[in-house]
Amino acid sequence: MGTDRLGLLLDQFDCARERAQVRLTGLVDEEYLWEPVPDCWSIRRRGEATTPRAFGPGDWVLDQGAPDIPPSEYAEVARQAVGGMSVAKIAEDWSVSVGRVEEVLAHTGPVEPDRTPITTIAWRLGHLHYGFAGSWEWAFGERRRDPKTMVDFTPDAALALERFWASVDRWRDAVGGVTDEQLDTVGFSQYPYGSDPDDPFVDVLWGANLEFIHHMSEIALLRDLWQHRG
């Protein structure tokens with residue numbers, strides 16, 4: 001295990017990736033698209049999506065609802081504001097109004113649980129896939145393509161996994177060559193959805209690891225529920 005900053009982050013990512021690939025072995029189309037409750041978010045044929053901002057470049061799109069800031073992110077929004085990020089920039093990152101950000105910053109009561117929808121494995125993988133594809137593009141690529149147009153979502157579980165791991169490995173290979181100077185560079189990643197342009201790249205890498213781990217944990221739970229479905 002490496003003891004330098006990049007080494008620790010890479011070791012953490014590699015361990016999570018290895019476990020995730022084992023956990024996803026045997027995934028079939030029916031399980032991949034399984035909706036454990038009504039009104040799940042998933043991937044759907046274009047024209048059949050029920051969410052207002054579903055996106056994707058091909059015949060299948062990834063569900064996405066109206067923009068908002070979930071309660072679980074209130075502390076992060078406050079941290080960004082204290083760190084010097086303007087209310088206008090925070091609003092732009094979340095695709096909400098300045099007034100909505102001001103409401104969040106003024107919130108002093110208890111934070112209610114998120115009312116986020118239950119999602120399918122297909123949605124979780126698709127969400128991670130376009131995130132890693134876009135992160136590579138905006139840190140190591142041409143920094144011009146919209147991440148939401150970079151992944152052709154598919155109902156074929158095997159094909160989705162093949163494409164997903166290819167994007168993840170391209171990201172991992174590129175990160176492996178990052179220098180200490182680049183780790184400390186604010187805006188090394190210009191990923192357009194989020195705070196990447198305002199953060200040192202080492203923070204971006206930490207966040208990418210966290211995103212991968214927590215979504216893969218959710219996928220693992222969905223696999224367990226599938227095995228024990230009534």
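Q: What covers the buried residues of α5?
A: In this predicted model, the cover includes α3 (74-82) and α4 (87-94).

Q: Which residues of α5 are called buried, and what makes them so?
A: Buried means under 20% relative accessible area. In helix α5 (residues 98-106), Arg-100, Val-101 and Val-104 are buried, so each of them falls under that 20% cut-off.

Q: Why are the buried residues of α5 said to line one face of the helix?
A: Look down the axis of α5. The buried residues fall within an arc of 100°, so one face holds them. An α-helix has 3.6 residues a turn, so residues three or four places apart point the same way.

Q: Which residues of α5 are exposed on the other side?
A: They are Glu-103 and Ala-106. Exposed means over 50% relative accessible area.

Q: What makes Trp-94 and Asp-114 contacts of Pro-70?
A: Contact means heavy atoms within 4.5 Å. Pro-70 touches both residues, leaving aside residues up to four places away in sequence. Pro-70 itself lies in the loop between β2 (60-62) and α3.

Q: Which elements give two or more residues to the lining of the second largest pocket?
A: Its lining has 13 residues, with Ala-16, Arg-19, Ala-20, Ile-213 and Met-216 nearest the centre. The elements are α1 (5-23) and α9 (201-227). The pocket holds about 190 Å³ of space.

Q: How do the lining residues of the second largest pocket divide?
A: There are 9 nonpolar, 2 polar and 2 charged residues. Ala, Ile and Met count as nonpolar, and Arg as charged.

Terms used: Residues are numbered from 1 along each chain as its sequence is written. This is a predicted model: local features need pLDDT of at least 70, side-chain atom pairs count only at pLDDT 80 or more; totals for chains, interfaces and linings use all residues. Side-chain values use heavy atoms; hydrogens and water are left out. Buried means under 20% relative accessible area, exposed over 50%, partly exposed in between (1.4 Å probe, protein chains only). Helices (H or I, at least four residues) and strands (E, at least two) are DSSP runs, numbered from the N terminus. The arc is that of the directions from the helix axis to the C-beta atoms. On a 1 Å grid over the protein atoms alone, a cavity is a set of points where a 1.4 Å probe fits but cannot get out, and a pocket is an open set with protein on both sides within 12 Å along at least five of seven lines; lining residues have an atom within 4 Å of a point. Grid points are joined across faces, edges and corners, and a volume is the space filled by probe spheres set on the points.
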